[in-house]
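Student: I have a protein model open and I'd like to learn how to read it. Can we go through it together, feature by feature?

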Amino acid sequence: MKAVIVNGSPRKNWNTDKALKSVAEGLRSQGFETEEVRLYDIEYKGCIECLACKLKNSKTNGLCAYKDALTPILEKCREADVVIVGAPVFYNEAPGQVRSFIERWLFPIGTYMWKDGKQIVVRDKEVPTGLIYTMNCPEDVMEKWNYPMLLSDTAKTMKQIMGYNELLYICNTYQFRDYSKYDFNLFDEEDKRRYRDEHFETDLKNAYEMGVSLAKRAGQSIEKRCRIRSVSSNMINRSSGVGIIRGQHTVNSYSSFDFEGKE
């Protein structure tokens with residue numbers, strides 16, 4: 001089994017990077033192979049709204065039709081059993097590179113087709129996803145500025161399109177390597193250092209546990225899929241979703257199927 005870890009931070013070996021390394025360790029502890037991709041290392045566009053993925057009889061099969069340096073990463077995500085995205089928070093949101101990736105990844109998988117109140121999606125399995133935000137502001141400020149409401153929308157979309165999501169906030173991060181070089185009076189450096197020393201290891205442990213949890217969820221998904229495949233195709237359509245045609249392939253939607261039988 002394989003996980004793709006999408007690093008949406010411009011900084012190497014810093015807060016987001018370290019959190020994603022911990023996620024990878026958790027996944028590998030459960031037998032997963034992991035691959036990290038760094039969005040800031042490539043040049044690409046966001047969605048150009050060509051709408052090729054929404055055409056009747058589209059042959060895109062859940063993959064963005066626009067070809068650039070992001071395409072190989074999108075192909076890796078399509079084949080992955082788990083996908084995790086990590087990003088710092090810039091002005092109340094993830095960086096533009098992350099937003100552009102999310103558009104290109106999820107929009108072709110989600111459709112404008114619904115059945116029985118559920119969105120039909122172009123994938124043949126649930127893909128557990130994780131989303132990690134790192135941010136300079138303390139937790140109480142995050143709540144005051146409504147970050148949970150603003151940032152959780154992407155996590156909800158990932159859950160709706162891919163079937164499952166876990167969300168982790170890492171607050172009050174140590175921002176500068178050397179605070180003496182920068183103008184600031186909003187934070188106290190000693191408070192920042194003390195908080196990092198007392199809490200960051202716990203944050204990394206939480207990221208590790210996310211990796212373990214997503215790996216276990218993926219294992220459940222694979223077991224469930226194997227059981228479904230042993231049933232006739234007409235039974236699959238009744239119990240798990242609606243078969244839709246994309247090019248040469250028949251894809252079954254499991255977007256709203258819960259392992260306990262609840263939505």
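Student: Where is S58 found?

Tutor: S58 is in the loop between β2 (33-38) and α2 (71-79). Helices (H or I, at least four residues) and strands (E, at least two) are DSSP runs, numbered from the N terminus. Keep in mind that this is a predicted model, where local features need pLDDT of at least 70, side-chain atom pairs count only at pLDDT 80 or more, and totals for chains, interfaces and linings use all residues. Residues are numbered from 1 along each chain as its sequence is written, and side-chain values use heavy atoms, with hydrogens and water left out.

Student: Is S58 buried or exposed?

Tutor: Buried means under 20% relative accessible area, exposed over 50%, and partly exposed in between (1.4 Å probe, protein chains only). S58 has 3%, so it counts as buried.

Student: How do I check the length of helix α1?

Tutor: The expected span is 1.5 Å times one less than the number of residues. Helix α1 (residues 15-28) has 14 residues and should span 20 Å; its end C-alpha atoms are 20 Å apart, so the two agree. Ten of those 14 residues are buried, so α1 is largely enclosed by the rest of the structure. Among the buried ones are N15, D17, L20 and L27.

Student: What is the strand order in the open sheet?

Tutor: Two strands pair if DSSP finds at least two bridges between them. Here five strands form an open sheet in the order β2-β1-β3-β6-β7, with parallel pairing. β2 and β7 (163-170) are at the edges with a single partner strand each, so one side of each has no neighbour in the sheet. Inside the sheet, β1 and β3 pair in the parallel sense over five bridges, and N7 stands opposite G86 in β3.

Student: Which strands run antiparallel?

Tutor: Look at β4 (residues 110-115) and β5 (residues 118-121), which run antiparallel and are joined by three bridges. W114 stands opposite Q119 in β5.

Student: And why look for a core?

Tutor: In soluble globular proteins, nonpolar side chains tend to be buried together. A nonpolar core is a set of buried Ala, Val, Leu, Ile, Met, Phe, Trp, Tyr and Cys residues joined through side-chain atoms within 4.5 Å. The largest one here has 37 residues, and V6, L39, C77, V85, F101, W105 and M135 touch the most other members. α5 gives the most to this core, with six residues.
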